[in-house]
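Let's take a walk through a protein together, starting with the molecule it holds. Have a look at the structure first, then read on.

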Amino acid sequence: MFKKILIANRGEIACRVAATARRMGIKTVAVYSDADAQAKHVQLCDEAVHIGGNAPQDSYLRWERILQAAQDTGAQAVHPGYGFLSENEDFASACAQAGLVFIGPSPASIRAMGLKAQSKRLMEAAGVPLVPGYHGTAQDADVLQSEADRIGYPVLIKASAGGGGKGMRVVEDAASFAQALASCQREAIHSFGDDAVLIEKYVQRPRHIEIQIFGDTHGHCVYLFERDCSVQRRHQKVLEEAPAPGLSPALRERMGAAAVAAAKAVNYVGAGTVEFIVSQTDYDQPESMTFFFMEMNTRLQVEHPVTEAITGLDLVEWQLRVANGEPLPCQQADLRIQGHAIEARICAENPDHQFLPATGHLQVYRKPVCQSFEVGAVRMDDGVREGDTISPFYDSMLAKLIVHGETRAQALAKLDEALAQTHIVGVSNNVQFLRHVVASPSFAQARLDTALIQREEKALFHQEPVGFPLAAACVVAHMLAQEQRLQNDDPWSRRDGWRAFGVATRTFDLAFHDQQHTANLTYAHDGALHLQVEQIAGELRWQQQADTLRIEWAGHRVSAQVFVQDNGEAHVFTPQGATRVKWVDALAHAGEVQEAGGRLSAPMPGKVVSFLVNTGDKVKAGQALAVMEAMKMEHTIAAPVDGEVIELLYAPGDQVAEGAELLKLKP
Ligand code: ADP
């Protein structure tokens with residue numbers, strides 16, 4: 001086996017490869033750009049080499065520099081991960097010329113499958129079913145138009161060199177063809193430097209089902225079953241699962257055989273994926289499924305962990321063994337499907353704004369109890385840590401959450417629970433959106449096709465699973481818990497006595513979706529807290545256990561985690577969902593302590609900075625009386641009513657407890 005490999009990638013996949021290498025006793029070399037100097041993948045590898053600037057073409061795509069790094073560090077092989085150089089035949093050739101093993105297929109296999117149109121011609125010859133279409137070399141607009149007319153509308157125009165859904169155009173009728181063609185060609189030239197296109201019949205209610213295959217250098221090839229990746233947005237995968245719901249064993253076997261035939265047609269070695277589009281006349285009629293070859297990806301896929309979950313295998317280990325010249329660890333007859341697995345891609349993006357990618361500082365990043373980079377009931381593979389900055393230079397995927405259960409229903413329940421326990425603050429993300437997709441009737445009932453997200457749109461976007469009043473109660477309870485913690489550290493604490501003589505009220509100004517609201521908290525004689533938010537009122541009880549608050553209020557019982565950002569944005573996570581409440585000015589109303597007898601109490605534990613009035617002064621309602629410092633901020637205490645200052649009860653510099661009486665005011 002190799003002693004040392006270089007991982008020519010970043011993020012979660014670089015970490016993933018490093019984890020298996022470590023387990024197998026293989027040393028790893030990371031490469032990194034300026035922005036990634038402190039990245040997780042750099043930390044996880046044994047050595048790391050800086051390869052340039054932030055833009056991929058200045059670092060992760062600079063293959064001469066990467067090969068140099070491999071030679072300088074004595075690596076014997078290069079793992080390309082996915083994306084970047086993974087499907088670059090020139091890089092694969094250059095590795096061989098430099099005496100390094102490229103952990104992937106031969107340059108010839110990459111080339112054969114690289115262009116969609118050419119690979120379709122090859123597949124046709126190998127007897128693999130194709131979507132009716134045109135994938136010829138003649139590219140005149142007239143020829144293309146007449147081919148589209150022949151195929152019959154709707155058709156799909158694809159960039160032959162395409163990937164990632166770029167350039168694809170659905171055309172509904174002959175009249176709109178020319179314009180769609182021109183726009184596809186423009187995008188194709190821009191993205192891939194090649195404007196050749198192919199045309200396919202647009203499959204109605206299509207499912208994306210792909211087969212994982214593996215070949216070795218001894219002429220063996222097996223398939224590791226399928227993954228259903230039908231849940232997509234903008235032709236990109238959102239959820240992936242295995243096995244594909246409703247796929248019959250007979251059809252699985254036929255698709256597996258077709259995928260193996262496709263791989264053998266190009267002498268495939270290593271991990272590869274043959275993607276099929278599957279048409280079905282009805283969700284409830286799996287026997288109506290028909291499959292057609294779409295393309296082959298000549299690398300490890302993002303979604304490979306669902307296959308690992310149902311087979312119990314480590315595909316990176318297989319890649320390393322095959323690259324080392326070993327035969328496949330097992331034969332087709334040894335492979336079995338165990339249970340059901342689903343993967344969710346957690347991305348830094350804003351689903352409610354056309355999935356716009358997001359950047360930022362990952363202030364809070366809490367994961368469910370999970371495994372990483374190895375099979376488990378709940379597995380989270382990621383390339384980021386709490387505190388990291390998400391830069392605009394690379395992919396928006398933060399993590400992959402993979403669950404495995406005995407049945408699909410079990411896997412669904414685990415996925416929902418694990419997503420609920422994934423708490424991210426500081427970077428917009430799709431965690432809540434994913435929960436809505438998982439809960440949608442279409443997904444729950446496995447009525448899968450690539451239009452699922454569109455169809456369920458109403459239930460997926462702009463959702464508020466936690467209403468404002470309950471969110472406000474969580475934020476208030478969180479603040480009280482914080483104050484109590486500070487106070488418990490405070491030797492001056494006089495918490496017990498202060499309320500004995502009256503009822504005090506505090507007002508919290510909160511904003512929810514740019515709407516201003518108030519929450520009123522009343523301290524009763526007996527120490528009970530009464531909270532009113534909008535029309536809802538009730539006694540507020542809470543208990544803190546580690547980071548979690550257990551809250552009871554107005555008939556609600558909820559456990560919540562609340563994180564407040566420096567800008568006052570409070571992120572509330574509950575099992576029902578997450579939401580945000582802006583704490584407008586936490587203490588603007590700090591002085592509005594209205595008590596019988598006209599006394600003024602400290603709203604929270606802190607230090608008296610100064611008094612702005614003297615004994616005997618006449619003051620107006622709203623006039624500033626004192627300044628306190630608490631939670632690293634200064635707060636002004638204002639007179640609740642017109643009156644006369646009778647007595648100052650503390651001196652500047654004094655430490656006071658929450659509720660401590662600061663001065664006596666005669667209304
Ligand atoms: P890319 O390489 O750009 O990702 P693919 O050819 O893999 O493009 O197709 C991406 C997605 O587009 C598929 O997963 C499927 O949802 C949809 N798609 C592709 N071909 C067809 C087709 N003929 N009919 C309907 N949908 C299709």
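Of the 20 residues around the ligand, which come nearest? They are Lys-116, Lys-158, Gly-165, Val-203 and His-208. Keep in mind as you look that this is a predicted model.

Now zoom in on the ligand's oxygen atoms. The side chain of His-208, already on our list of nearest residues, places an N or O atom 2.8 Å from a ligand oxygen. With Glu-295, a side-chain N or O atom is 2.9 Å from an oxygen of the ligand, and for Glu-275 the distance from a polar side-chain atom to a ligand oxygen is 3.2 Å. How much of the ligand does the protein bury? Taken alone, the ligand exposes 560 Å², and 96% of that is buried by the protein.

Domain 2 (132-201) and domain 3 (207-460) each give at least three residues to it.

Finally, how confident is the predictor? The average pLDDT is 91 for the protein, and 94% of the residues score at least 70. Over residues 491-502, though, the pLDDT is below 50, and this stretch has 24 contacts in the model beyond near neighbours in sequence. Residues 586-597 also stay under 50, with 28 contacts beyond four places in sequence.

Key
Residues numbered from 1 in each chain as written. Predicted model: local features only at pLDDT ≥ 70, side-chain atom pairs only at ≥ 80, totals over all residues. Heavy atoms only, no water. Near = heavy atom within 4 Å. Polar contact = N/O pair within 3.5 Å; in protein donor to acceptor, adjacent residues only side chain to side chain. Areas by Shrake-Rupley, 256 points an atom, 1.4 Å probe, with all protein chains shown as cover. Domains from an automatic or database assignment. pLDDT = per-residue confidence, 0-100. Contact = heavy atoms within 4.5 Å.
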